Amino acid sequence: MLPQLPEQADPRRLCEQGKRFEGRVALNSLDRLAPLLTSTEGEAAFQLVFDRDEHKRSRIRGHVTADLQLRCQRCMQPMRLPVDADFTLSPVEGLREAEALPEEYDPLLLEERLLHPMDLVEDELILAIPPAPRHVAAECAVDLSEYRDSSEAAEPAQRENPFAALKQLKRDS
Ligand SMILES: [Zn+2]
């Protein structure tokens, strides 16, 4: 059985040791992610492999899958976002080190020696959420053709249109 993901760890040490973790985490235990979701039921599955590449560079490869429940920013109804993400990180201590990384790596900026490895999983889930999540047109409760017509018209919409009101709200704020 694979060891449990430690609460806190020195990522470079984990890389030195060639540690590998695999597990599941309840979405409602991820405090930064949870407020972005309409439902925190369910789990994310993750794999984290800490090792070193052929240049002895510390490397963290991860894979995260989850089904996130979000709010569609067009019709305001819940929508499902399947996440299936791979990432490759290398711990760095500053911008210079980050810039020196080969393209296939994303920098993992270390502010302290220790980090919460579960943060890597949570970060990836947060990154997977688009700034304005929306259903694909066919699944959205808003009729897209109508929406486009009214929003492109120079005159204000004639009918009561909740989305016209919403747009106005956004413009005002
Ligand atoms: Zn929608």
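**Figure 1. An open sheet of 5 strands in the predicted model.** The strand order is S1-S2-S3-S4-S5, and the pairing is mixed. S1 and strand S5 (106-109) stand at the edges, where each has a single partner strand, so one side of each lacks a neighbour in the sheet. From one strand to the next the twist averages 30°. Strands of a sheet pair through backbone hydrogen bonds, in either a parallel or an antiparallel sense. Here S4 and S5 pair in the parallel sense, whereas S1 runs antiparallel to S2.

**Figure 2. Strand S1 (residues 20-26) beside S2.** The two strands are joined by 7 bridges and run antiparallel. Glu22 has Gln47 of S2 as its bridge partner. Arg24 is bridged to Ala45, also in S2. On its S3 side, Ala45 stands opposite Thr65.

**Figure 3. The hairpin of S2 and S3, with Lys56 in the turn.** S2 and S3 pair in the antiparallel sense over 9 bridges, and 5 residues lie between them in the hairpin. Lys56 is placed in the loop between strand S2 (43-52) and strand S3 (58-71). The phi of Lys56 is positive, about 65°, although this residue is not a glycine. Lys56 counts as exposed because it has 9 C-beta neighbours inside 10 Å, and the cut-off for exposed is 12 or fewer.

**Figure 4. The hairpin of S3 and S4, with Met76 in the turn.** The antiparallel pairing of S3 and S4 runs over 12 bridges, and the hairpin has 6 residues between the strands. Met76 lies in the loop between S3 and strand S4 (78-92). Met76 also has a positive phi, near 65°, in a residue other than glycine. With 13 other C-beta atoms within 10 Å, Met76 is partly exposed; a residue needs 20 or more to count as buried.

**Figure 5. From Ile60 through Leu89 to Asp106.** Ile60 has Leu89 of S4 as its bridge partner. Leu89 in turn stands opposite Asp106 in S5. S4 and S5 are joined by 4 bridges in the parallel sense.

**Figure 6. Asp84 and His63.** Asp84 lies in strand S4. Asp84 is exposed, since 11 other C-beta atoms lie within 10 Å. Asp84 and His63 are 21 residues apart in sequence, and their C-alpha atoms are 7.3 Å apart in space.

**Figure 7. Helix H3 (residues 117-127) and its buried residues.** The buried residues of H3 are Pro117, Met118, Val121, Glu122, Glu124 and Leu125. Seen down the axis of H3, these residues fall within an arc of 160°, so they line one face of the helix. An α-helix has 3.6 residues a turn, so residues three or four places apart point the same way. H3 lies across S1, S2, S3 and S4 and runs at about 50° to S3. The cover over the buried residues of H3 includes S1, S2, S3 and S4.

**Figure 8. The largest nonpolar core, around Ala44.** This core has 22 residues. Those with the most contacts inside it are Leu27, Ala44, Ile60, Val64, Ala66, Val121 and Leu125. Two or more core residues come from each of helix H1 (11-17), S2, S3, S4 and H3. Leaving out residues up to four places away in sequence, Ala44 touches Arg24, Val25, Leu27, Val64, Thr65, Ala66, Val121 and Leu125. Of these, Val121 and Leu125 are among the buried residues of H3.

**Figure 9. Residues 150-159 and the confidence of the model.** The chain averages a pLDDT of 87, and 82% of the residues score at least 70. Over residues 150-159, pLDDT stays under 50. For this stretch the model has 6 contacts beyond four places in sequence. Where pLDDT is low, the predicted coordinates should not be read in detail.

Notes:
Residues numbered from 1 in each chain as written. Predicted model: local features only at pLDDT ≥ 70, side-chain atom pairs only at ≥ 80, totals over all residues. pLDDT = per-residue confidence, 0-100. Contact = placed C-beta atoms within 7 Å. Pairing = 2+ DSSP bridges. Arc of directions from axis to C-beta. Axes fitted to C-alpha atoms, helices over the stretch in contact; angles between N-to-C directions. Core = buried A, V, L, I, M, F, W, Y, C linked by C-beta atoms within 7 Å.
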